[in-house]
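Me: Got a new model to go through. Can you take my questions as they come?

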Amino acid sequence: MLRTTASPIFSSFTRKPRTSRLIFKAYNVLLEDTPPSARRNASTNLTTLHQGPPTSAYVHLPFCRKRCHYCDFPILALGTSSVSNILYEEGKEDDPRITNYVNLLVREINATRTGFDTNPDLKTVFFGGGTPSLVPPKLVSLVLETLSSSFGLCPDAEISMEMDPGTFGGEKLKELMEIGVNRVSLGVQAFQDELLKACGRAHGVSEVYEAIEIVKTCGVGNWSMDLISSLPHQTLEMWEESLRLAIESQPSHVSVYDLQVEQGTKFGNVYTPGQSPLPSETQSAEFYKTASSMLRGAGYEHYEVSSYSKDGFKCKHNLIYWKNKPFYAFGLGSASYVGGLRFSRPRRLKEYTNYVSDLENGAANWCGDGSVDLKDVATDIIMLSFRTSKGLELKEFGEAFGRKVVNSICKVYEPYVESGHIVCLDDMRREVMSDEFKKLVGNDEVKIEDHVRYLRLRDPDGFLLSNELISLAFGVISP
């Protein structure tokens, strides 16, 4: 089944906590092995796929009060108990660790040269972490001003910030809203104190309710709540309670993630996936199905494998990822996608500092070596498309990579269409029945994409098989 992680995937994505560990694996395949039709068509359509200038930026603010037991990503733990930390958190003094990092971040943004003839204004900015709500609003403002100066910033840009309960009050949130933050992603994770404590979270349930009240009182209309399933000792009853309380809180968006146990973390040192006190694969699947049923029943659209939203409140920034569109990224360990190339910044502060200095001196190339592997592009598109309710658009994919690739993918998916795990849709998004799809696949004279416009995974059973189904496509593209 699908396993998502409760931490950001910096080597591939910029949004926390997110996606299957299959995402953006390096395949080291040669373009010469790609079918000639795919090479020819992709060379003429690559620009439309990903080579335009980005209109989104991710900014990594790595500060946390402490490291959670499941987290394996680059953070800077500030501590929770010293007098100075309390003064910093209340905004009475500036924490030099935060100030120095933000100044370094500003230097990186200023030193970034895109090479595009024109740079459209940014439509989305996402502050992820870490716990960005630990950063003083005046420093967040400095980052936004720098982005606006370097790239431009649309007046109605979606500006999101991840915030943890217990790290902000009404005054701070109002200040953040005044400088442009208009979307909050609240890291609740669970509504049971025993689970939060077991995860090493720095907040408790009382702070969760306090944070929800602050968000509502301040008038944040666009806010999301994060929850994690498959935690140690978590029961189905606990999970149902968390989902029920989340729904009662009336966020405009809910993100649900299945715990991924990573090597090198505290959880990784003591737990084995699938073994008690972690749930079995069957239990994890039940958690996923329960979330899908309860949230959809409450009026949330399941528009992406881990994302649910009320009408009009899909996360515009994250849609950039799912649509495989380019985006900038700045900060420790973050990964950008520009010109068809994914580039990850150093995960350690010393190496990141050196990288920024080299960037300023012209000695660092943030766009990589300039070579684009079409097989990686194709697999990224399939993988990301299958994460969404829209699915893979076959006609566009065929124009870029060739009809033979489309036919091969459809043939390998034929059994899963028959079993109902994959849904075929025409250009009006009406379902194409499995018998009709089988006839199309068996007729080499027919362009399947003229009759089947989309392939999407059925919710929830298809999503639960996403890793397996995506791997089958990889096998077609990179045999």
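Me: Where does glutamine 250 lie?
Reply: This is a predicted model. In it, glutamine 250 lies in the loop between α8 and β8 (253–258).

Me: What is phi there, for glutamine 250?
Reply: Near 60°, a positive value in a residue other than glycine. Most residues other than glycine have a negative phi.

Me: And is glutamine 250 buried or exposed?
Reply: Glutamine 250 counts as exposed, because its relative accessibility is 59% and the cut-off is over 50%.

Me: What about serine 230, what is its phi?
Reply: Positive too, about 65°. Serine 230 sits in the loop between β7 (223–229) and α8 (236–249). Serine 230 is buried, at 2% relative accessibility.

Me: Switching to peptide bonds. Which one is cis, with omega near 15°?
Reply: The bond from glycine 129 to glycine 130. Glycine 130 is in the loop between β4 (122–128) and α4 (137–151). The bond from aspartate 459 to proline 460 is also cis, with omega near 5°.

Me: Now helices. At what angle do α13 and α18 cross?
Reply: Roughly 160°, with the axes coming within 10 Å. That makes α13 roughly antiparallel to α18. The crossing is right-handed.

Me: Which residues in α13 meet α18?
Reply: Lys375, Ala378, Thr379, Ile382 and Met383. On the α18 side they meet Ile470, Ala473, Phe474 and Ile477. By class, the contact has seven nonpolar, one polar and one charged residues.

Me: Last one. How many residues are in the largest nonpolar core?
Reply: It has 68 residues; Leu147 is among those with the most contacts inside it. Helix α3 (residues 96–111) gives the most, eight residues. A second, separate core of 39 residues includes Ile382 and Ala473.

Terms used. Residues numbered from 1 in each chain as written. Predicted model: local features only at pLDDT ≥ 70, side-chain atom pairs only at ≥ 80, totals over all residues. Heavy atoms only, no water. Axes fitted to C-alpha atoms, helices over the stretch in contact; angles between N-to-C directions. Helix = DSSP H or I, 4+ residues; strand = E, 2+ residues; numbered from the N terminus. Parallel < 35°, antiparallel > 145°, perpendicular 65-115°, else oblique. Left-handed = near helix turned anticlockwise from the far one by under 90°. Contact = heavy atoms within 4.5 Å. Nonpolar A, V, L, I, M, F, W, Y, C, P; charged D, E, K, R; others polar. Core = buried A, V, L, I, M, F, W, Y, C linked by side-chain atoms within 4.5 Å. Buried < 20%, exposed > 50% of the residue type's maximum accessible area, 1.4 Å probe, protein only.
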